[in-house]
Amino acid sequence: MYYNMIRSQGGTVRQSFGFAVFQSVMWEYLFEAVAEQPSIQDLISTPIMGAVLGELFHRWSVAILRQGPLNFGEKVLVFFLNPSYVINNGYRPPE
């Protein structure tokens with residue numbers, strides 16, 4: 001979700017990944033650190049897997065949008081895959 005927040009606004013892969021890493025670190029140290037020590041696995045695997053899945057979902061949703069007019073099921077799928085894109089851009093394909 002963090003990755004696609006930036007990606008859906010025209011951010012690059014690198015910018016989106018940086019934001020995902022930042023948000024993951026903030027979550028681990030500001031919220032979860034109250035109850036437990038931040039784990040190295042969460043600090044490394046969460047942003048990496050989030051970026052991989054985020055980019056896959058971004059590309060998939062953009063490919064659907066570029067096909068032309070969407071039916072209801074395709075709109076639901078695009079919203080499920082990449083809600084940040086729909087919130088920021090509606091169902092318009094990227095330019």
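A polar contact here is a pair of N or O atoms within 3.5 Å; within protein, one of them must be able to donate a hydrogen and the other to accept it. That goes for the legends below, which all show close-ups of a predicted model.

Figure 1. Arg-7 sits in helix H1, which covers residues 2–7. Its side chain reaches the backbone oxygen of Gly-11 at 3.0 Å, a distance that falls within the 3.5 Å cut-off. Is Arg-7 buried or exposed? Arg-7 has a relative accessible area of 17%, so it counts as buried, the limit being under 20%. Not counting residues up to four places away in sequence, Arg-7 touches Thr-12, Val-13, Ser-16, Glu-55 and His-58.

**Figure 2. The whole chain, for orientation.** The protein comes to 5 helices and 0 strands, and read along the sequence that gives the pattern α-α-α-α-α. Along its principal axes, the C-alpha trace spans about 50 × 25 × 20 Å. Of the 95 residues, 32% count as buried. If you take the contacts between residues at least 6 apart in sequence, 44% of them join residues at least 24 apart.

Figure 3. How many aromatic pairs does a search of the whole structure find? The search turns up 2 aromatic pairs. In one of them, Tyr-2 and Phe-19 form an edge-to-face pair, 6.3 Å centre to centre and with 85° between the planes. Tyr-2 lies in helix H1 and Phe-19 in helix H2 (residues 13–31), so this pair ties together parts that are 17 residues apart in sequence. As for accessibility, Tyr-2 is partly exposed, with a relative accessible area of 33%. Phe-19 counts as partly exposed too, at 24% relative accessibility.

**Figure 4. Trp-27 and Phe-31 make a tilted pair.** Trp-27 and Phe-31 form an aromatic pair with 5.0 Å centre to centre and 40° between the planes, and that makes it tilted. Both residues lie in helix H2, 4 residues apart, or about one turn of the helix. Trp-27 counts as partly exposed at 40% relative accessibility, while Phe-31, at 53%, counts as exposed.

**Figure 5. Lys-75 lies over the face of Tyr-91.** In this close-up, look for Lys-75 at 5.5 Å from the ring centre of Tyr-91.

**Figure 6. Helices H2 and H3 cross.** H2 and helix H3 (residues 40–65) pack at an angle of about 140°, and their axes are 9 Å apart. The crossing of H2 and H3 is right-handed. Which residues make the contact? On the H2 side they are Val-13, Phe-17, Ala-20, Val-21, Ser-24, Val-25, Glu-28 and Tyr-29. From H3 come Asp-42, Leu-43, Thr-46, Pro-47, Ile-48, Ala-51 and Glu-55.

Figure 7. You'll find Asn-82 in the loop between helix H4 (72–81) and helix H5 (83–89). With a relative accessible area of 0%, Asn-82 is buried. The side chain of Asn-82 makes a polar contact with the side chain of His-58, at 3.5 Å. Leaving aside neighbours within four places in sequence, Asn-82 is in contact with Asn-4, Phe-57, His-58 and Ser-61.

Figure 8. Leu-81 is found in helix H4, and at 4% relative accessibility it counts as buried. Leu-81 and Asn-4 are 77 residues apart in sequence, yet 9.9 Å apart in space, C-alpha to C-alpha. With neighbours within four places in sequence left aside, Leu-81 is in contact with Asn-4, Phe-57, Trp-60, Ser-61 and Ile-64.

Figure 9. Pro-83 has its place in helix H5. At 17% relative accessibility, Pro-83 counts as buried. How far apart are Pro-83 and Met-5, in sequence and in space? Pro-83 and Met-5 are separated by 78 residues in sequence and by 8.8 Å in space, C-alpha to C-alpha. Leaving aside neighbours within four places in sequence, Pro-83 is in contact with Met-1 and Val-78.

Key
Residues numbered from 1 in each chain as written. Predicted model: local features only at pLDDT ≥ 70, side-chain atom pairs only at ≥ 80, totals over all residues. Heavy atoms only, no water. Helix = DSSP H or I, 4+ residues; strand = E, 2+ residues; numbered from the N terminus. Buried < 20%, exposed > 50% of the residue type's maximum accessible area, 1.4 Å probe, protein only. Contact = heavy atoms within 4.5 Å. Phe/Tyr/Trp six-rings, centres within 6.5 Å; stacked < 30°, edge-to-face > 60°. Lys NZ or Arg CZ within 6 Å of the ring centre and 35° of its normal. Axes fitted to C-alpha atoms, helices over the stretch in contact; angles between N-to-C directions. Left-handed = near helix turned anticlockwise from the far one by under 90°.
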